[in-house]
Amino acid sequence: MTMITYRWECMFAAVSSLFTVFFAYYLWRAVYRASTTLSTQGFEVTFAYVAISVVLLVTFNTSAETNISRSIISGDVIRDIVRPLGFHDSQIAAAIGTMGLRFLLVFIPCMTVILLLLPHGMIGARNVWLFAASLSGSFIILLHIDMLTGLVAIKTEAVWGVRLAKEYIVSVFSGALIPLYLLPSSLSKVMLLLPFQGICHTPVTLLTSRSMSGMEMCRLLGMQLFWCVVLMLVVNRALKRLITKIEINGG
Amino acid sequence: MKRHVQLYLMFLSKHLKTLMVYRADFVIGIVCLLLSFALARFSIWAIFQRTQNIDGWIKSEIIFAYGYNLMVSGVAWLFFNQAWGLRDAVTSGGFIKYKIRPLNPLFHFFAESFDIRSIATIALGVLTLHAAAGSTGFHWTLPRTGELVLLTLMSAALFAGMIVLASAMAFWFTISNPLLGFLASIHGVAYFPLGIYGRMMGTLLSTLLPIAFVSFYPCSILMGKTPSVVPLYAMLGIIVVLWMVAVRLWLKGVQRYELPAT
């Protein structure tokens, strides 16, 4: 309901994402045109990779870190604690609501534009199903990284700085800024082991790669599932620990 | 004018005292700023691992423009970072204090906060630009350095005008913060040559959304890539028009502002 009140923000996020999609298109076209080591056929894949990653990050941006840090610093957390639904679950439910509206107003229009810019037949039906399957994993990983950021922000009392750092780390390590396959192999090997790759690299690779083996698909989805479980457990534990120690001043 | 300078200094000293309370936030903010700088440099490095130039601009020229871009954004946000808080001040009712005091509300609102972290952004910009300048057409002579300072201030004035205009939307819609976020994100890629964006997008970025004048045109002049001074005159004209519109819209917004119902 809160998000519907701020629907103009959502619509503006869609316009803003479309601009970013166009910027990515022109920038990578220029890079591919000038490059002697990259084949021009790879441009469509790179553009799809970066543009869809941007759309995923905007769609799944639920500002959970700000909500958590605000609710704990202001003391509003007490209302969530006394409710029958746990604090962790209530944060997930609120984030799903935010994401639902963004999915309608940002994801669907932006993906339509991206697919129109890509050559016909580039994406197969099997790829679409695999992409759809990996979206929930992508959302869970980003949401829990946001929640952890909120908890770090409370500990350090540096909400702005920590949030800024998280945004940069996520955009670089997830592949949204530079596709992971374009990085030097030693670096991309390390990045492929981290949870961030599950946010953008996994869904976009499953969507754009037509020659991927069944084994490789299972590995990507399995890795994503592994990080979802680990992050959910870590956040759940960290929230429980924090809530038992929290002190709220009366006012 | 003298009164406003005195008031600004008074607000500044008050704000610095407030910052002393949040020392940890400041230190971590600076560390995170350095991290974001390192990651941005990393992305330029990664792009140039795959190509020799972008629309004819080599790596050092792009880094020069990136450094210039940092300096410009640092100067603009240093004085106008408070724009991010306007929407909350308007919706919460806290803005009423600016309306009832015997001071220009626009001056009062922006003078109350001074983003000291932006000094670190400016310093990073100067260092980056200095390191890259040797491989570009820019030489550190007195007239060229003067030209650099003048252009940086003009670019910052233009960008600040866009910030004030975007923040003014808070009086009508709730989109002012996403609009500011949008400005910050397109400014973040403004250091790439305009030629890559094609004719339609290039025209848009030079007219309705004049972000090309914030970095591309001034850097082209500084690196000797364009002998023409036409962009300089166009930039001056845009700054004047933009500020006239921004101030008028902002003050109109203040006029129609009423306390929200509780």
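This is a predicted model: local features need pLDDT of at least 70, side-chain atom pairs count only at pLDDT 80 or more; totals for chains, interfaces and linings use all residues.
Chain A is helical in its assigned secondary structure, with 11 helices and 0 strands. From the N terminus on, its elements accordingly read α-α-α-α-α-α-α-α-α-α-α. The radius of gyration of chain A is 19 Å, close to the 18 Å that the globule rule gives for 251 residues, so chain A is as compact as a globular protein of that length. Its C-alpha trace spans about 65 × 40 × 30 Å along the principal axes. Of the 251 residues, 42% count as buried. Among contacts in chain A with a separation of 6 or more, 79% involve residues 24 or more positions apart.

One helix of chain A may be followed in detail. Helix α8 of chain A covers residues 159-173, 15 residues in total. From its first C-alpha to its last it reaches 21 Å, close to the 21 Å expected at 1.5 Å a residue. Its buried residues are Val159(A), Gly161(A), Val162(A), Ala165(A), Tyr168(A), Val170(A), Ser171(A), Val172(A) and Phe173(A). Just after this helix, Gly175(A) takes a positive phi of about 100°.

A residue counts as buried if 20 or more other C-beta atoms lie within 10 Å of its own. Val162(A) is buried because 26 other C-beta atoms lie within 10 Å.

Chain B has 12 helices and 2 strands. Read along the sequence, its pattern is α-α-β-β-α-α-α-α-α-α-α-α-α-α. The radius of gyration of chain B is 19 Å, close to the 18 Å that the globule rule gives for 262 residues, so chain B is as compact as a globular protein of that length. Its C-alpha atoms fill a box of roughly 60 × 40 × 35 Å, taken along the principal axes. Of the 262 residues, 39% count as buried. For contacts in chain B with a separation of 6 or more, the share from residues 24 or more positions apart is 81%.

Helix α7 of chain B, residues 118-133, has 16 residues and reaches 22 Å from its first C-alpha to its last, close to the 22 Å expected at 1.5 Å a residue. The buried residues in α7(B) include Ser118(B), Thr121(B), Leu124(B), Gly125(B), Thr128(B), Leu129(B), Ala132(B) and Ala133(B). Seen down the axis of α7(B), the buried residues fall within an arc of 160°, so they line one face of the helix.

In soluble globular proteins, nonpolar side chains tend to be buried together. Here, the largest nonpolar core has 142 residues, and those with the most contacts inside it are Ala51(A), Leu158(B) and Ile163(B). Leaving aside residues up to four places away in sequence, Leu158(B) touches Pro210(B), Phe213(B), Val214(B), Met235(B), Ile238(B), Ile239(B) and Leu242(B).

The last topic is the interface. Here 34 residues of chain B are in contact with 33 residues of chain A. On the chain B side, the elements that give two or more residues are α2 (23-48), β1 (53-54), α9 (176-188) and α10 (198-206). The largest share, 12 residues, comes from α2(B). By class, this side of chain B has 21 nonpolar, 10 polar and 3 charged residues.

Notes: Residues are numbered from 1 along each chain as its sequence is written. Chains are lettered from A and ligands numbered from 1 in the order in which they are written. Two residues are in contact if their C-beta atoms, placed from the backbone, lie within 7 Å. Helices (H or I, at least four residues) and strands (E, at least two) are DSSP runs, numbered from the N terminus. Ala, Val, Leu, Ile, Met, Phe, Trp, Tyr, Cys and Pro count as nonpolar, Asp, Glu, Lys and Arg as charged, and the others, Gly among them, as polar. The expected span of a helix is 1.5 Å times one less than its number of residues. A residue is buried if 20 or more other C-beta atoms lie within 10 Å of its own, exposed if 12 or fewer, and partly exposed in between; C-beta atoms are placed from the backbone. The arc is that of the directions from the helix axis to the C-beta atoms. The radius of gyration is taken over C-alpha atoms; the globule rule is 2.2 Å times the number of residues to the power 0.38. A nonpolar core is a set of buried Ala, Val, Leu, Ile, Met, Phe, Trp, Tyr and Cys residues joined through C-beta atoms within 7 Å.
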